[in-house]
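I opened this entry to record what I looked up, chain by chain. My notes follow in the order I made them.

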Amino acid sequence: MSKAAVLAPGSLAAPANIRRSSARVSNRTIVLVCYIVFLMLPIYWMVNMSFKTNEEILSGLTLYPHNPTLRNYAIIFTDPSWYSGYINSIYYVTLNTIISLTVALPAAYAFSRYRFIGDKHVFFWLLTNKMAPPAVFLLPFFQLYQTVGLFDTHIAVALAHCLFNVPLAVWILEGFMSGVPREIDEMAYIDGYSFPRFFGTVFLPMIRAGVGVTAFFCFMFSWVELLLARTLTSVDAKPIAATMTRTVSASGMDWGLLAAAGVLTILPGALVIWFVRNYIAKGFALGRV
Amino acid sequence: MDKVQDNRAWFLIIPVFLIVAFSAVVPLMTVVNYSVQEIFGPGQTFFVGTEWFEAVLKDERLHDALVRQIIYSLAVLAIEIPLGILIALGMPGGRSAKTSLTLVLLALPLLIPFNVVGTIWQIFGRGDIGLLGATFRAIGIDYNYTNNSAHAWVTVLVMDVWHWTSLVALLCYAGLQSIPPAFYQAAKIDGASKWAVFRYIQLPKMRGVLIIAVLLRFMDSFMIYTEPFVLTGGGPGNSTTFLSQYLTQMAVGQFDIGKAAAFSIVYFLIVLLFSFIFYTIITRTGEGEKK
């Protein structure tokens, strides 16, 4: 139910309040709109630039491309060293999302339904993995994955990203699972369901939204991470964000190409967010703390 | 909810435990190992005890970087938390097209890879080709983030606000959505002011999500690396060289692995300590209000 509808009964009784409350709403809306404009300006500028030729970019300021060109995008879609970066990124991000969800689902169930020795400590330990400064840890990471023979594979990046995505997934999923009454589990066991069958056919469908939101957050944090991804790859699994550093050449920066590559890194995320837009907010509200 | 005591639940935790431990324990122990050794090359190491830790604690440049880092993180929190709350209060409720659009637009900056964020602002802030830089020049401010320390620092801060305030706003919005409509009706009947509604209904309901917001924003801003690296490279001078940047210079630039490792551990403990303090303060404050 919307807030306006909630306020309605009171407003009917006291007409003076209508003006006051609508004035308040508009003040806050102005802040919101201004903020969104502030968010969109730099993004617009990059999109704008990606359709310009380098001559136009460097010759002066134009608010929209006067000679729109698709040259920058054409380079990216025809040069394998560019588009393979996108394929690599999407590959390891998907892999990471699947791994994170698979291991986090049973763990979240355990945290939401049972008390056991060390439960709080394990949870805190999971969270501390987000607090380690990456710079020095990169070297041991590199050595570790080199030693086990996973260096420059997609699975290496996917596994490394589990470090921060798994705790997050457990945390969000646990919130959604705690929203499902215990009685459902008990009824199912009385009806003779085994745990795996109950989990797969009864429980999972009930927390669909939670799984969607968790998948979104795993996707997002894995997609934006660069340091680990760059350290653990060289050629075969090189992410797009690392490829972007190539645009500095002898003739200076290729701004148009850089902008086009940037725009293309935003698109997958924007697409994913559209699918889970109604559940994003819910994902956080239910979390533990 | 009543939870059942059952230690067999550990079997459900094992996959998570193994997969996180694989990436967490070995690197952490390696760093601890480095921090007490002098390393000349592969196989040429010897034990130096706490020497690196002493060197780290006496390092003047490190103290500067730490002070700069703390000021920066506090500035980030001081701007992003109130601004995020304000934006969340203005967001439309319900399941309308307007809500969907607002959510998607707000979440957009969160989905941009960190170095692309730096790139966007690099382009946006340039005096000759960027909208922001050009606007400043047009109104007579000689804005240049590459050679003016103050401009560089503010640009990095504004970039962070641009990038992450949405997260705070989304979290607060989630908290606000969980308030039952009856609360607002009661406040209306009591003739509560706008401020009173915020102070006694909305703020307490946002406590849980605010803890998360403060912790996440603190941890991430305290370890910020990629964005300023792309935008300013830590300069001009040392004005935007934050702790991570300095650490990387030490580890990669000077190949001072032992000292950098000792520093990493100190760094990790600082983050842990601050997170714990914030957590305690916010939970305690909330407890007092429940009476």
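I began with burial in chain B: 42% of its 291 residues count as buried. The model is a predicted one, so I kept confidence in view throughout, as local features here need pLDDT of at least 70.

**Chain B, overall build**

I counted the elements next. Chain B holds 13 helices and three strands. I took its extent from the C-alpha trace, which spans about 75 × 70 × 35 Å along the principal axes. Then I looked at sequence range. Of the chain B contacts between residues at least 6 apart in sequence, 70% link residues at least 24 apart.

**Chain B, the record**

I checked UniProt, where the entry is unreviewed. Residues 101–124 of chain B are 75% helix and 0% strand, and their end C-alpha atoms lie 24 Å apart. Residues 161–187 of chain B are 89% helix and 0% strand, with 33 Å between the end C-alpha atoms.

**One residue: Glu80(B)**

I picked out Glu80(B), which sits in helix H3 (residues 60–90) of chain B. Is Glu80(B) buried or exposed? I found 24 other C-beta atoms within 10 Å of Glu80(B), and 20 or more is the cut-off, so Glu80(B) is buried.

Which residues does Glu80(B) touch, leaving aside its neighbours within four places in sequence? I listed Val161(B), Trp164(B), Thr165(B), Val168(B) and Arg217(B). I also noted Ser166(B): 86 residues from Glu80(B) in sequence, but 8.7 Å away in space, C-alpha to C-alpha.

**Where the chains meet**

I turned to the interface. In it, 86 residues of chain B are in contact with 86 residues of chain A. Helix H1 (residues 10–35) of chain B gives the most to the chain B side, with 14 residues. I sorted the residues on that side of chain B by type: 60 are nonpolar, 21 polar and five charged.

Strand S1 (residues 114–115) of chain A pairs with strand S1 (residues 4–5) of chain B, in the parallel sense, over two bridges. Arg115(A) has Gln5(B) as its bridge partner in S1(B).

**Chain A**

Buried residues make up 40% of its 289 residues. Among chain A contacts between residues at least 6 apart in sequence, 79% join residues at least 24 apart.

**Confidence**

I noted the model scores: ipTM 0.80 and pTM 0.81. Chain B has a mean pLDDT of 82, with 94% of its residues at 70 or more.

For chain A the mean pLDDT is 79, and 85% of its residues reach 70 or more. Where is confidence lowest in chain A? I found it in helix H1 (residues 3–13) of chain A, at a mean of 41, while helix H5 (residues 80–113) of chain A is highest, at 90. I marked residues 1–22 of chain A as a stretch where pLDDT stays under 50. The model has 21 contacts beyond four places in sequence for that stretch.

Key
Residues are numbered from 1 along each chain as its sequence is written. Chains are lettered from A and ligands numbered from 1 in the order in which they are written. This is a predicted model: local features need pLDDT of at least 70, side-chain atom pairs count only at pLDDT 80 or more; totals for chains, interfaces and linings use all residues. Helices (H or I, at least four residues) and strands (E, at least two) are DSSP runs, numbered from the N terminus. A residue is buried if 20 or more other C-beta atoms lie within 10 Å of its own, exposed if 12 or fewer, and partly exposed in between; C-beta atoms are placed from the backbone. Two residues are in contact if their C-beta atoms, placed from the backbone, lie within 7 Å. Ala, Val, Leu, Ile, Met, Phe, Trp, Tyr, Cys and Pro count as nonpolar, Asp, Glu, Lys and Arg as charged, and the others, Gly among them, as polar. Two strands pair if DSSP finds at least two bridges between them. UniProt positions are given in the numbering used here, feature names are shortened, and annotations may be inferred rather than shown by experiment. pLDDT is the predictor's confidence in each residue, from 0 to 100.
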